[in-house]
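Please look over the sequence and the fold shown below before reading on.

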Amino acid sequence: MAAATVAGAAATAAAISLFTYYLFLRKSGSMLPWTLTTRGNGRRTRRKGLVEAIGNTPLIRINSLSDATGCEILGKAEFLNPGGSVKDRVAVKIIEEALESGDLVCGGVVIEGSAGSTAISLATVAPAYGCKCHVVIPDDAAVEKSQIIEALGATVERVRPVSITHKDHFVNIARRRALEANVASAKRETNDMQTNGSAHAIVKTLHPKQTNGSAYANSEVPHTGKCFPNSDSKGGFFADQFENLANYRAHYEWTGPEIWEQTKGTLHAFVAAAGTGGTVAGVSRYLKEKNRNVRCFLMDPPGSGLFNKVTRGVMYTKEEAEGKRLKNPFDTVTEGIGINRVTANFMMAELDGAYRGTDREAVEMSRFLLRKDGLFVGSSSAMNCVGAVRVARDLGPGHTIVTILCDSGMRHLSKFFNDEYLANHGLTPNATGLEFLDQ
């Protein structure tokens, strides 16, 4: 009984002390800007529908990396979006712009070639706009990604991974599927009108809208009922995340301003990897417009040519020169980042430099963050954090660095978080600290 009384008194004293300390911090104004809640500052506590729940993700201090470097390393927790990744923003922007322009109508099919996250986001968001979704995905992507997409009600077409220059690259197939859906829709409309002349007029207007200059848009495509977009749909729209600048605009108009507001403009650097290039382009351009002194960097995975493009002005990879590139785009356990061409979105980026990471660094970083911070993040997020530490070490203590936590580890279980898979690639994690960044 006495022990319980003493314990209760101690707990009460501790609570009073913590509350007093909190009041002191609030009164003195010494709380860091990203520790302040925004709920009372314009952020809606009740959202209208799924779309309004996207964005306004928290900017969290990654304690282990901040303490190790003497910098404030902050991660934009995009894995907390409804669709589980930063691509939710892109899906919303692409669909809304397409509906506004008339390229997509309610009841139409949004079609995309994606290695996973964008496809999941499109499948999540499309129904909120009254649309369907059809995804073409390379069959070497983590199997749980296609399972999630199917569970969301989208049609999934898995294809073998080939070069973007091949007509059967998943992006080129997706482009053709959109054209097929539009032609089919035009034929149905023509049959309803019973006017052959109008059929030709309709089909002609659909071709240039969907080809985007591709030589493969009109290629013959073998298809089955399973692969072909819904026959009852009102046409198809090719999302084209790599070249559609709605991707860039989503981050220039949305993610970048959030980062600036959440840090109160006190950040010194931003770093992120690029797949389509939309995130790093939109955020970097916005931050540079707000403050030219904010330094922005690319973090590039193995085999990608963007590091050399940024640092030397030439798209080139050692794997290509040595004839070691086994598949497209390159051999790496990371997914959704790295590319060997310059996209329209990436061309919008304003970068001060680039860093290159390795698969081992990404794997080790993911396990380090899980052990030290309880952060269960995917491969691209882990690579971004490797980049954040590199930037922090180069800038020195006392700086604030922001990166993107793109998605969680939940959609990387069969590969990036699979012990057997990693062992087969010689990537079994064994580090106890951050020593893997010193090798």
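In this predicted model, N345 touches a set of residues that, leaving aside those up to four places away in sequence, consists of Q241, F242, E243, N244, L245, N247, Y248, T276, G277, G278 and A281. N345 itself is found in the loop between α12 (318–321) and β9 (353–356).

**Surroundings of N345**
- N345 has a relative accessibility of 0%, and because buried means under 20%, this residue counts as buried.
- The side chain of N345 reaches the backbone oxygen of F242 at 2.7 Å, and F242 is also among the residues that N345 touches.

**Helices α9 and α10**
- Two packed helices are described by the angle between their axes and the distance between the axes.
- Helix α9 (residues 246–262) and helix α10 (residues 278–290) have axes that come within 7 Å and cross at roughly 50°, and they are therefore oblique to each other.
- The crossing of these two helices, α9 and α10, is right-handed.
- On the α9 side, the residues that meet α10 are N247, Y248, H251, Y252, T255, G256, P257, I259 and W260, while their counterparts in α10 are G278, T279, A281, G282, V283, R285, Y286, L287, E289 and K290.
- N247 and Y248 of α9, together with G278 and A281 of α10, take part in this meeting of helices, and these four residues are also touched by N345.

**Helices α13 and α14**
- Helix α13 (residues 359–373) packs against helix α14 (residues 379–395) at an angle of about 90°, with their axes 8 Å apart, which makes α13 roughly perpendicular to α14.
- From α13, the residues E361, A362, M365, S366 and L369 meet S379, A382, M383, C385, V386, V389 and R390 of α14.

**Cysteines**
- The structure holds 0 disulfides, and for C131, which is in no disulfide, the nearest cysteine sulfur is that of C106, 5.4 Å away.
- C131 is buried, with a relative accessible area of 6%, and C296, at 0% relative accessibility, counts as buried too.

**The chain as a whole**
- The protein chain has 15 helices and 10 strands, and buried residues make up 52% of its 439 residues.
- Among contacts in the protein chain with a separation of 6 or more, 74% are accounted for by residues 24 or more positions apart.

Conventions. Residues numbered from 1 in each chain as written. Predicted model: local features only at pLDDT ≥ 70, side-chain atom pairs only at ≥ 80, totals over all residues. Heavy atoms only, no water. Helix = DSSP H or I, 4+ residues; strand = E, 2+ residues; numbered from the N terminus. Buried < 20%, exposed > 50% of the residue type's maximum accessible area, 1.4 Å probe, protein only. Polar contact = N/O pair within 3.5 Å; in protein donor to acceptor, adjacent residues only side chain to side chain. Contact = heavy atoms within 4.5 Å. Disulfide = S-S within 2.5 Å. Axes fitted to C-alpha atoms, helices over the stretch in contact; angles between N-to-C directions. Parallel < 35°, antiparallel > 145°, perpendicular 65-115°, else oblique. Left-handed = near helix turned anticlockwise from the far one by under 90°.
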